[in-house]
2 protein chains.
Amino acid sequence: MSQPINRYKADLRDIRFVLFEQFKLQDLLGKAPYANWGQEEVATVLEELYGWAKEQLGPLNATGDAAGCTLEAGKIKTPPGFKEAWKSLYDVGWRRLSVPEKFGGQEGPFTLHAVSEEIMCGANAAFNMYPALTQGVADVIQEFGTPEQLAAYCPKLHDGTYAGTMCLTEPHAGSDVGSATTKAFPMGGGKYKLKGTKIFISGGDQDLSKNILHLVLARTEDAPAGTKGLSLFVVPRDRSDGTSNDVQVGSIEHKMGIKASSTAVLNFGENDNCIGELVGTEEQKGMSQMFHLMNYARIGVGVQGLGVASSAYLNALEYAKDRKQGPSIKQWKDAAAPRVPIIEHPDVRRMLLDMKAKVEGIRALIIKLAVHIDKVNAAGGDKTAAEYHQGQVDLLVPLVKAYGSDTAFQVCVTAIQTLGGAGFLKDYPIEQYARDSKIFSIYEGTNHIQALDLVGRKLGQRGGANLQAFIKDVQAFAATIKDDATYRDAAAGLSAAAEAVMGTAMRFLGWFGGGKMEMVPLAANRFLEMMSETAIGWLLLEQAAIGEKALATLAADHPDRAFYTGKRYAALFYAANVLATVPLKAAQIGKEDRTPVEIPTEAFATV
Amino acid sequence: MSQPINRYKADLRDIRFVLFEQFKLQDLLGKAPYANWGQEEVATVLEELYGWAKEQLGPLNATGDAAGCTLEAGKIKTPPGFKEAWKSLYDVGWRRLSVPEKFGGQEGPFTLHAVSEEIMCGANAAFNMYPALTQGVADVIQEFGTPEQLAAYCPKLHDGTYAGTMCLTEPHAGSDVGSATTKAFPMGGGKYKLKGTKIFISGGDQDLSKNILHLVLARTEDAPAGTKGLSLFVVPRDRSDGTSNDVQVGSIEHKMGIKASSTAVLNFGENDNCIGELVGTEEQKGMSQMFHLMNYARIGVGVQGLGVASSAYLNALEYAKDRKQGPSIKQWKDAAAPRVPIIEHPDVRRMLLDMKAKVEGIRALIIKLAVHIDKVNAAGGDKTAAEYHQGQVDLLVPLVKAYGSDTAFQVCVTAIQTLGGAGFLKDYPIEQYARDSKIFSIYEGTNHIQALDLVGRKLGQRGGANLQAFIKDVQAFAATIKDDATYRDAAAGLSAAAEAVMGTAMRFLGWFGGGKMEMVPLAANRFLEMMSETAIGWLLLEQAAIGEKALATLAADHPDRAFYTGKRYAALFYAANVLATVPLKAAQIGKEDRTPVEIPTEAFATV
């Protein structure tokens, strides 16, 4: 149990396919703002990162889960080996791929960052929480900090001397961030005394970095209620002279998964001696500043799901090729027939193809989103292009976070089932993947919060133009394959799904306007699912179309034929089994089932 | 963490409703074969059992999970408190409710046994594995053993002196039981020397009982290949003089859940000194004898799911009533609005109603099955009635096992989401429920094995008469509510679902006959789901109809109104959101998607 061996598997072939064959990242490289990078460099970096992750992070995944984090004399200890991994990470420089040059980074595209996160999360989701949050904190300070703050904090956050955390949640304020009551008392010169308790703080304490910078949402005395009154502060754990800044670890949580990622209750200013700095120079900008980080953090959660689910799938695939059980279905009546690898059994293949389509579909969705971000940055003076790409970013973030995390967990559960009894054992990595991934649907805004963000904010942005552009893109693609015999049904299904999404979006407009507000939260999750399934059905079919073109030119014995053939079946499977459900979901939403709000509260149970 | 407090909750009101208002168990009581029992006695026993389970088993659930089982010097140790709970269980006599009087039991109906299992599993699924398997072993010996075996083993299995296990799986033979290679060498007088290795043996060793009787499937030298050649043996861990019978614990598994239930590798006859007895007097009857146990064990797995899921739901409900977060949706724009309990938020209510409908639906399905079993036993000379009820038992077992376990796990996952971040913590029982319940879809025949049993064996039994009778029952009920304004749509949906089930069953016939064998496993899981959803939709609507009748007679302030009102909403919610998907699933099956068998194996991934 918990031998320090690597179990992590990534599919670099598929990653390269999505980057360079589907989304043509190379078109953005070799010029501003990614002048330092070419396709070769990106591919080489990913190859090397994968090697490093398998060597340094993979072996610590099960051992970290078994050891967990411990709280001793007010300090949190991470599992054995984490300190060395942290040092190696920053020595090699994997966290600086997309950091600006002025902070010692390599100024790569966000897409490269996202893909590198897939690999680091997949190898060790718990470990990667520490550096990923640290990078997020650096991003916020870069974006909103004073020049002094940039100089004082960013280089040290990028070289691993400091780590960072996000402190939003309080005992009574989780999803309802706006009711946070942590107080900030101005001392002049941008300094404040902080007082309050924050909970669920990932990396709230650890023994990896020399110091920790907490980004704390707090309220000055005269500030208005709700999220609008919140300001953002940098609060170091230790002062520059090494003494305590009165940030105490109240306790550590014991969790279902990501056990090697510490989760702390932090008490700020119990001795009235906790001093923080306002981020930038303006109070009451905290929520929008934090949202800058949260947007990336939400994408990051989708990426976490992808990394873990992809490895779960590839481990299940390996097991299914290896494990023999039962005769072939063609000889099922013959007790003496030879035993075959379970991958020959139709239901095992069904589970594998289901996982493949979902993993590759989420990867495509995430990389599509990432490339939109890079295109915003590369748009230069082209305002129309920048608006279009930013609109798609805004629209896709809740899909990536919520559908990505829900689907990742499902994939892990299917992977358990593929292994049968072995899937329930700690001898294989998959039960841990399932436990680790369950949190992804909850943190950084529960998946229902994402759905409300989608229907309540994103659909209406720019007068609905973002959604219209999305639907237009989907329908334009569907038209390109509608006469192909292999894809005719799938194209019709995609088109119908896109129409169902648009029609349902109009319903939400009606509910907002027509006094049926309660239908909005009741239908929001299902709408997010419909739209995600439409997006993924589209992107998988786009992959299949690229695959067909490649197959038409490749020699019959070319080793790449298997890869492209796989694209055909993943897309057709997803179209037949998932995409086809979208219009039904629309029809169900249309029936306006209100039973959950109609049932009297006392009728749920009388015990 | 892991304080020894009870977290278990059961809904006795709903249990009594299903027993006495829906399925009229009382009609079978007070006469043979349940002459000792009346409605009052059953209700009182359940009340007392619930009290005992909360006091004795509930507090050991989290502590047992934290401590797990350990292997020391070849012996397995169970968690602290388990020995005392075992003693208390048999002292009070909770395992003897449905045991024949001649073995010291109370000869109650199977239905009472099933409901008592819900309570004992729900309070502590891991603990209950030991006595539940023990009772299963006693049943097999009672059914198939010689008079000497009955006298020697049954009383001690029923009073907790002995425990029992089922030893089927071998390292290379899990789902493929028929390829088991454990050998039995006759010594004369019904004794055999056993030699082989069995894995995944629940309760394979423990420190609760004085001795353990292993029921071992093994093959005599001349026996044919496959399941037909297997014989069943009773193999005690210790001989009657207390010396070892050469059954060694090879190792203990480390698992995702049910950690307090030991799972062992057992080596029989490593020193050629392991002696067993043939069960009964005939060789090569092992598989059908084991199936007798497995049928009950499969129902038992569905019951495990129900017990855990019901407590997950009730815990989530309690949390949702208690936890305040955010303003009411009616005041969502007002940052200063008072915070409300999260049960007031529509999406939380949606999750709760989803859990309620599924938990109460599975309970109805299980108790329906149990009552059919009792009606077989009570049929006396009425062969037609006995055949009908036995047919329904055969048909419903795979539904209870597979849909019950899959749905239970889903309910636990939804319960985690209802709690948000708290759901991921060990401070609440729900993350453990999710981990524990994941195994239910795998053991006692994976859920795909159940689906194959349904479509490959059960649909065709008695020339299809069992399914026809089931559909007839559903349609007859649907006709009774089709003109009721509240239930008109639901009745039409139920009727359409039943038609879709029947139509799909005919497709399977066609595939078996028409050389499309591969469609059978590809569509089997989905068909099992369709049929289960139809059954549960029916039973929930039946409950609602009973509820409406009660509501029509109860005073406006009668405390039971809330309970019956809940039945209306659970049924309508399930009809609108689950039952309505059944025809779509039939349509999807009808498209005969063959992508999983068409994709070349090398195309799944090229890594």
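This is a predicted model: local features need pLDDT of at least 70, side-chain atom pairs count only at pLDDT 80 or more; totals for chains, interfaces and linings use all residues.
Biologist: Understood. Through what surface do the copies meet?

Modeller: The copies meet through the same surface, because 99% of the interface residues of chain A are also interface residues in chain B.

Biologist: And what rotation superposes chain A on chain B?

Modeller: A rotation of 180 degrees, with 0.0 Å of shift along its axis, places chain A on chain B with an RMSD of 0.0 Å. That is the relation of a two-fold axis.

Biologist: How many residues does the contact take from each chain?

Modeller: Chain A gives 82 residues and chain B gives 82 residues. On the side of chain A that touches chain B, the elements giving two or more residues include α8 (286-322), β11 (324-327) and α9 (346-378) of chain A. The largest share of that side, 9 residues, comes from α16(A).

Biologist: What classes of residue has that side of chain A?

Modeller: The side of chain A that touches chain B has 38 nonpolar, 25 polar and 19 charged residues.

Biologist: Let us turn to the inside of one chain. Into which domains is chain A divided?

Modeller: Chain A has domain 1 (12-161), domain 2 (163-284) and domain 3 (289-590). The C-alpha centres of domain 2 and domain 3 of chain A lie 36 Å apart. Their contact takes 9 residues from domain 2 of chain A and 10 residues from domain 3 of chain A.

Biologist: What kinds of residue does domain 2 of chain A bring to the side that touches domain 3?

Modeller: On that side, domain 2 of chain A has 7 nonpolar residues, 2 polar and no charged.

Biologist: Now a strand. Is β3 of chain B mostly covered or uncovered?

Modeller: Strand β3 (residues 162-167) of chain B is mostly covered, with 6 of its 6 residues buried. Tyr162(B), Gly164(B) and Met166(B) point one way from β3(B), while Ala163(B), Thr165(B) and Cys167(B) point the other way.

Biologist: Which strand is joined to β3(B)?

Modeller: Strand β6 (residues 211-220) of chain B is joined to β3(B) by 6 bridges, and the two run parallel. Within this pair, Met166(B) stands opposite Leu215(B) in β6(B).

Biologist: Which residues touch the most other members of the largest nonpolar core?

Modeller: Cys412(A) and Cys412(B) do, in a core of 401 residues. Leaving aside neighbours within four places in sequence, Cys412(A) is in contact with several residues, among them Val308(A), Ala312(A), Ile430(A) and Tyr433(A). As a general point, nonpolar side chains tend to be buried together in soluble globular proteins.

Biologist: A change of topic: where is Pro33(A)?

Modeller: Pro33(A) is in the loop between α1 (12-22) and α2 (39-57) of chain A. The peptide bond from Ala32(A) to Pro33(A) is cis, with omega near 0 degrees. In chain B, the bond from Ala32(B) to Pro33(B) is cis, with omega near -5 degrees.

Biologist: Why does Asp246(A) count as buried?

Modeller: Asp246(A) has 20 other C-beta atoms within 10 Å, and a residue is buried if 20 or more lie within that distance.

Biologist: Finally, what about phi of Glu592(A)?

Modeller: Phi of Glu592(A) is near 50 degrees, a positive value in a residue other than glycine. Glu592(A) lies in the loop between α17 and α18 of chain A, and is partly exposed, with 14 other C-beta atoms within 10 Å.

Terms used:
Residues are numbered from 1 along each chain as its sequence is written. Chains are lettered from A and ligands numbered from 1 in the order in which they are written. Copies are superposed by least squares on the C-alpha atoms of residues with pLDDT of at least 70 in both. Two residues are in contact if their C-beta atoms, placed from the backbone, lie within 7 Å. Domain bounds come from an automatic or database domain assignment. Ala, Val, Leu, Ile, Met, Phe, Trp, Tyr, Cys and Pro count as nonpolar, Asp, Glu, Lys and Arg as charged, and the others, Gly among them, as polar. Helices (H or I, at least four residues) and strands (E, at least two) are DSSP runs, numbered from the N terminus. A residue is buried if 20 or more other C-beta atoms lie within 10 Å of its own, exposed if 12 or fewer, and partly exposed in between; C-beta atoms are placed from the backbone. Two strands pair if DSSP finds at least two bridges between them. A nonpolar core is a set of buried Ala, Val, Leu, Ile, Met, Phe, Trp, Tyr and Cys residues joined through C-beta atoms within 7 Å.
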